[in-house]
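I opened this structure for the first time today. These are my notes on what I looked up.

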Amino acid sequence: MSENVVHLHKATDPPTDDTAPTVLTVVPDAPPARPVPLWVRSGRAVTTVATHETTRATVRAAARHGLYTFNGGRIVARRAWDGRTGSRYERMIRAAEAAGNLEAAEEWEERLQRFRAARHHRRMDLLHSPVDAAKGVAVGAGMSIGVLVALGVVMAISTGHVGDVITPLSATVDFIALLIRIVQVVWGPALSIGPFLALLALWSVGRKQHAAPNWALPANVRSSEGEPITPSIVVKALRDLGVPALRNAIKEMGDAGASMLGPITIAGCGVEVDVTLPSGVSTDEVQNRRKKLAENLTRHEHEVFITIPEAARTVRLWIADSGALDEPIGPSPLVTDDTMTADYKKGKAPWGRNLRGDVAELSVYQRHLLITGRSNQGKTAALRALALWLALDRTVQFWIADLKGVGDWSMFDGIAQVLIEGPSDDHVIQATEMVEDAVEEMNRRIEVRRTDPSATFPPLIVGVDEAQVAFMCPVKGEDGRPYGGAKATSRYFMAVRKIHNQGRAVDVLMWQGTQDPTDQNLPKLVREGAHTRASLVVGTESQSRMALGDKAVDDGAAPHLLRQGKDKGTLVVASDGIDMPAGQSSITVRTHFIDEDPAKEVAARAKALRDGVTTLRVVDQSEERDALADVAHVIGDAARLRTNEVLKRLHALAPKVYGDQWTNDRLKSLLEEHGEEPKKSHGVMVVHRDHVLRALANRDADGSASAAE
C-alpha cells in the first residue's frame, strides 16, 4: 500500500481569524499509471525509425542507386541491340506511319534495306576471314622473323660476333615472355575488379539518364519546378494527358513520340512548339485538358497557352518560363517618349507586349472597338491608353461618356468636344443623346459624300465607358421609348447599331468598355459589330464567346482562364488591326498601365498640339439657363460656327433645356432679341463669336444702367 499524504488546513472555510484550529486530513495518493506494454513501445519505436527523414533518405538512396545500375544495363542492352539489328529503323517506320507521313516511312524503309544488305555482306566476309586471317598471320610472322634475322646479320657483321645474328630474335622472345608474365599477374585481380567496373559503368549510364522513379530521385532533381522544356518533357506530358488514343499512339511510335514535335523555339519569356497529333486524336481533347497539361509540364495553368494554327491536327503550345508572367513589362512609350505623335490612318498605338515579348501595336483606323472584362481588371486603363495615343493626332475628335464618373477621363477636358461623367440616369440620357447626335453627324457626312465622293472628314471617336449602365437603364423618354435595353425600341442600342452599320465609312467610330458581358448588358448585335474585340478576365467560357466570338474561343482564346486580380491589364484580342502569328485568330497582350498623373502629362501634350477645344460638360439642368451665355460658351474659341453645330452643342450641354423645341428659328430669335442675328457665310448660316460677345456686353451694360436708375 502506498504511503498517504497528510495535508494541513484550517477548520473554517474561508478562515475568519488566525486562531482557527488546525485539522489534519489524510489524503491517499493517486494510483500509479499502468506501464505501457512492450509490444506498443516496440511498435512506436519501429514507426519512428521507419518514418524518420534519415530512414527515408537512406531508402531512397538505396533504391535510386540500385535502379540506376539495373536500368543502366537495360539502356546499354537496348543500345547494343539497336546497333546490331534493324530495330531502330523499324521503330522510325512505325512512328512515321502513326504520324501519317508515308514519305518518311518509305525513306526509313530504304535505310533499313541498306542496313540489312551491308550486314549480309559483313557476314559473308566472315566466312572467308579465318583462312585469310591464318594466311595473314603466317605471312606476317615470316616477314617479322626475316626482318629480325636480317637485323641480326647486320649486327654480326658490325660487331664481328656470329652470335649476334639471333640477338634481335631472342630479345623479341624475351619481350613476349615479359608480356605473358604481366598478364598472368594482372589477370587475377582484373577478373575480380572487372565486374565492379562494369556495374560502375552501368550505374553511370543510369545516373545520367535519371533512370529511377521520381520518388527515389534527389530533392533537387525531384523538384522540377521551372525546369527547361525539352522534347522528352513535352512528349511525356502529352502521353500522361489522359487521352487513350494519344497514349497508345506514342507507345507505338518507334521514336517515343518525338516525330510529333516541331522545333522548340524561344518565344519571348517562354518557348513555343507545334505538336502534330496522331490520327484519332482531336485538338479539342488537348485544349480541354490545359490545366493537366500545364501541371505535366511543371507549370501553372496560366503559364501554358494552347492555340490552333492553320495546319490540320496541330496544336501550338506556348509555355512560359516559370514566374515570368508575373514580372512587369515596363512603362508605356507614351510616357517615356515625350516626342511621340499619332497618326489615325497609318499609325499603330503602342498598347503593350504579347506573350512572346514583342511589342503589341493596334491600328484603330476605321475599326469599332469593344473591351470587356470584370470590374477593376484594367478595362478603363486599356481603353484610355488607346485614346491618349490617338489624342496626339490633332485631327481626331472625341465625344466621351464615362458612366462610372470617378474622374478616370477628366484629363480629356480640353481634348474632347463632349465629356459626360457620372453614373446616374440623367448621365445615361445625355450619353444616349450624344450617340444619337453622332448618328446625325454620320448621316450628314454620308450626304456630303454622296455629292462629293472625294470629301474627307475628321475622325470622330464616340467613346462610352461602362456601357452596361446605358444598356441596363430603365428610364423612358417622353415618346415612351426606353433609353436602355436590347430591343429595337431602345434608343442607345439603336444608335450604336446605326454607327456600327455605316459609321466607319465616314470615320465615325464607336468605342465601348463594359463589364461581364451578358445578353442583357451587351446585346449580340452590338458586340458582333465591333471590329476589334478584347477581353480581360471573365467568369465563364460563354462570356469569353460573347466578348471575342466563337471562332476565337474555338481556336484557343481563353480569357476565362486568366487569373482574377493577378492578370490585371492582360487582354485577349481578336482583331485584324494587330499583328499575330499566321493562322491564329486571337493574341494575348499584356497592356501598359498609364497611371493618372502620367495620363495627365500625355493629355497636356495632346492639348498643346491642338488649337484649343471647348469641352462641353454635363451641368445641373434643374437650374435656370442663360441661353445667350450658353451660346457664347459652346462657341468657345472658334471665330464662327454653323447654327446647326451651335444647336447640337447646346443640346449636349443641357439636353433637357435645349431639347427638340430649340430650332434654328429660336436661336435666330434669341440673337435678334439682343441686336444680333446669324449671318450667311458661303451660303451657310453661321453664328459669329464676336457678335455674341458684343450682345452679351450690351446686355450687361443695359442691365447696369437700369440698376443705376
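I began with contacts, meaning heavy atoms within 4.5 Å. Among contacts between residues at least 6 apart in sequence, 64% join residues at least 24 apart. This is a predicted model: local features need pLDDT of at least 70, side-chain atom pairs count only at pLDDT 80 or more, and totals for chains, interfaces and linings use all residues. Residues are numbered from 1 along each chain as its sequence is written, and side-chain values use heavy atoms, with hydrogens and water left out.

**Overall make-up.** I found 23 helices and 20 strands in the protein chain. Helices (H or I, at least four residues) and strands (E, at least two) are DSSP runs, numbered from the N terminus. The chain has 709 residues, and 42% of them are buried. The accessible surface comes to about 38000 Å², and carbon and sulfur atoms hold 56% of it. These areas come from the Shrake-Rupley method with a 1.4 Å probe; for residues, only the protein chains shown count as cover.

**Helix α2.** How far apart are the end C-alpha atoms of α2? They are 46 Å apart. The expected span is 1.5 Å times one less than the number of residues. I also noted buried residues in α2, including Arg60, Tyr68, Gly72 and Asp82.

**Cores.** I then looked for nonpolar cores, which are sets of buried Ala, Val, Leu, Ile, Met, Phe, Trp, Tyr and Cys residues joined through side-chain atoms within 4.5 Å. The largest holds 45 residues. Trp351, Leu388, Leu390, Phe398, Phe412 and Trp511 touch the most other members. Helix α12 (residues 379-391) gives the most to this core, with nine residues. A second, separate core has 35 residues, among them Trp399, Val418, Ala455 and Val506.

**Salt bridges.** Why would side chains pair up at all? Side chains of opposite charge can pair when their charged atoms come close. I counted a salt bridge where a side-chain nitrogen of Lys or Arg is within 4 Å of a carboxyl oxygen of Asp or Glu. The structure holds 24 of them.

- Asp274 pairs with Arg316, with the closest N and O atoms 2.8 Å apart. This joins strand β4 (residues 270-276) to strand β6, across 42 residues. Asp274 is partly exposed at 27%, whereas Arg316 is buried at 13%.
- Glu436 pairs with Arg491, with the closest N and O atoms 2.7 Å apart. Helix α13 (residues 425-451) holds Glu436 and helix α15 holds Arg491, 55 residues apart. Arg491 is buried at 13%.
- Glu528 meets Arg533 at 3.4 Å, N to O. Glu528 is partly exposed at 43%, but Arg533 is buried at 7%. Elsewhere, salt bridges with shared partners join Glu441, Arg444, Arg445, Glu645, Lys648 and Arg649 into one network.

**Backbone angles.** I checked two residues other than glycine with positive phi. Arg313 has phi near 55 degrees. Arg313 sits in the loop between β5 (304-307) and β6 (314-320). Asp507 has phi near 60 degrees and lies in the loop between α15 (491-502) and β13 (508-515). Is each one buried or exposed? Arg313 is partly exposed at 35%, while Asp507 is buried at 11%.

Conventions
Buried means under 20% relative accessible area, exposed over 50%, partly exposed in between (1.4 Å probe, protein chains only).
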